[in-house]
Amino acid sequence: GELDVAEIELVTAIEYWSREPRFHTLLGTVYARRGLFDLALRSWEAAIEVDPQSHEAYECIRRARHLERQVRLEDEVAPWRWWTAARAAPTCCRSS
């Protein structure tokens, strides 16, 4: 699907332009939309390594961690909420 194509294109772009934080941030967003939060966090952290002023990557990390804490608290009540939260996570990183 579209997320698979986006992932492939972003990984390729990072191979050529690894110092472009935007590509890392967008790849993190793709991973988050797929529910791959560990990979998403690694990508956002890579964006910050490239550009410590990457406010968008910091915001994505902050929101993902907040969402993770919230979901863990609610998990005992409704275990299916993690899936719902995973679908909502990428909104933290939409382009302006």
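The largest nonpolar core of this predicted model has 16 residues, and those with the most contacts inside it are Leu27, Ala32, Ala40, Leu41, Trp44, Ala57 and Ile61. A nonpolar core is a set of buried Ala, Val, Leu, Ile, Met, Phe, Trp, Tyr and Cys residues joined through side-chain atoms within 4.5 Å. Each of α1, α2, α3 and α4 supplies at least two residues of this core, and α3 gives the most, with six residues. These helices are DSSP runs (H or I, at least four residues), numbered from the N terminus. Ala40 touches Gly28, Tyr31 and Ala32, where residues up to four places away in sequence are not counted; a contact here means heavy atoms within 4.5 Å.

The model is predicted, so local features need pLDDT of at least 70 and side-chain atom pairs count only at pLDDT 80 or more, while totals for chains, interfaces and linings use all residues. Residues are numbered from 1 along each chain as its sequence is written, and side-chain values use heavy atoms, with hydrogens and water left out.

**Salt bridges**

Side chains of opposite charge can pair when their charged atoms come close. A salt bridge is defined as a side-chain nitrogen of Lys or Arg within 4 Å of a carboxyl oxygen of Asp or Glu. By this rule the count comes to six salt bridges. The table lists some of them.

| Pair | N to O distance |
|---|---|
| Glu7 and Arg34 | 2.0 Å |
| Glu45 and Arg65 | 3.3 Å |
| Arg62 and Glu59 | 2.7 Å |

The side chains of Glu7 and Arg34 meet in one of these salt bridges. Glu7 lies in helix α1 (residues 2–16) and Arg34 in the loop between α2 (21–33) and α3 (37–50), so the pair ties together parts that are 27 residues apart in sequence. Arg34 is partly exposed, with a relative accessible area of 34%; buried means under 20% relative accessible area, exposed over 50%, and partly exposed in between (1.4 Å probe, protein chains only).

A salt bridge also joins the side chains of Glu45 and Arg65. This pair links distant parts of the chain, with Glu45 in helix α3 and Arg65 in helix α4 (residues 55–74), 20 residues apart. Glu45 is partly exposed at 33% relative accessible area, and Arg65 is partly exposed at 37%.

Arg62 and Glu59 both lie in helix α4, three residues apart, about one turn of the helix. Arg62 counts as partly exposed at 45% relative accessibility, and Glu59 is partly exposed at 26%. Elsewhere, salt bridges that share partners join Asp4, Glu7 and Arg34 into one network.
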